[in-house]
Amino acid sequence: MPELEFPERQATDTQMLTGFWYRAMPADRVHRHRLYKATVLEIPLVIGRDRLGQPFALRDACPHRGMPLNTGQFDGENLECPYHGWQFDVQTGNAS
Ligand code: FES
């Protein structure tokens, strides 16, 4: 699971405010069929692209018991938690 560091990051977490948009990673480094980890404002994220190439970012913690979703199975549409198998639509975050 690649977690990339980017020296060109806009600001440190302490300078950032919630409720605003921040770049978690450059779009051209996010490829289909792969999951990436990033942390923004001390919030762990799982990032990727769906089968159509649309980007997504979800909190990297299953709402059931908090397992990191980045270690789950991703079929290009749904991300399955590795612990109990709950599945989430990566574009909406809704359980399916
Ligand atoms: S911790 Fe994810 S389904 Fe239970």
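Is Glu 77 buried, exposed or partly exposed? Select Glu 77 and show the surface: its relative accessibility is 42%, so Glu 77 counts as partly exposed. One thing to keep in mind as we go: this is a predicted model.

Side chains of opposite charge can pair when their charged atoms come close. The structure holds one salt bridge, and this pair links distant parts of the chain. Glu 77 is in the loop between β4 (73-74) and β5 (78-80), Arg 51 is in the loop between β2 and β3, and 26 residues separate them. Arg 51 also counts as partly exposed, because its relative accessibility is 42%.

**Zooming out**

Now switch to a cartoon view of the whole protein. What does the pattern look like along the sequence? Reading along, you get β-β-β-β-β-β. That makes six strands and zero helices. Of the 96 residues, 32% count as buried. The protein exposes about 6,400 Å², and carbon and sulfur atoms supply 50% of that.

**Asp 50, a charge inside**

Next, click on Asp 50, in the loop between β2 and β3 (55-59). Which side chain of opposite charge is nearest to Asp 50? The answer is Arg 32, but that one is 6.4 Å away. A salt bridge needs the nitrogen and oxygen within 4 Å, so Asp 50 is buried yet has no salt bridge. Asp 50 does have a partner of another kind: a polar contact of 3.0 Å joins its side chain to that of Gln 91. Show the surroundings and you'll find that Asp 50 also touches Phe 56, Phe 74, Gly 76 and Val 90, among others.

**The cores**

Select these eleven residues together: Leu 35, Val 46, Phe 56, Leu 58, Cys 62, Leu 69, Phe 74, Leu 79, Cys 81, Phe 88 and Val 90. They make up the largest nonpolar core. Pick Val 46 and look at what surrounds it: Val 46 touches Leu 35, Phe 56, Leu 58, Leu 69 and Leu 79, among others. Its contacts also include Tyr 36, Arg 59 and Asp 60. There is a second, separate core of eight residues, including Met 16, Ala 38, Val 40 and Ile 47.

How far apart are Met 25 and Val 40, C-alpha to C-alpha? They are 9.9 Å apart in space and 15 residues apart in sequence. Met 25 has a relative accessible area of 7%, so Met 25 is buried.

**Two positive phi angles**

For the last stop, select His 33 and Glu 42. His 33 is in the segment before β1 (35-40), and Glu 42 is in the loop between β1 and β2 (43-49). Check the backbone angles: phi of His 33 is near 65°, a positive value in a residue other than glycine. Glu 42 is not a glycine either, and its phi is positive too, at about 65°. Are these residues buried or exposed? His 33 counts as exposed because its relative accessibility is 63%, and Glu 42 counts as exposed because its relative accessibility is 67%.

Technical notes
Residues are numbered from 1 along each chain as its sequence is written. This is a predicted model: local features need pLDDT of at least 70, side-chain atom pairs count only at pLDDT 80 or more; totals for chains, interfaces and linings use all residues. Side-chain values use heavy atoms; hydrogens and water are left out. Helices (H or I, at least four residues) and strands (E, at least two) are DSSP runs, numbered from the N terminus. Buried means under 20% relative accessible area, exposed over 50%, partly exposed in between (1.4 Å probe, protein chains only). Lys and Arg count as positive and Asp and Glu as negative; His and the chain ends are not counted. A polar contact is a pair of N or O atoms within 3.5 Å; within protein, one must be able to donate a hydrogen and the other to accept it, and residues adjacent in sequence count only if both atoms are side-chain atoms. Contact means heavy atoms within 4.5 Å. Accessible areas come from the Shrake-Rupley method with a 1.4 Å probe; for residues, only the protein chains shown count as cover. A nonpolar core is a set of buried Ala, Val, Leu, Ile, Met, Phe, Trp, Tyr and Cys residues joined through side-chain atoms within 4.5 Å. Lists of a residue's contacts leave out its neighbours within four places in sequence.
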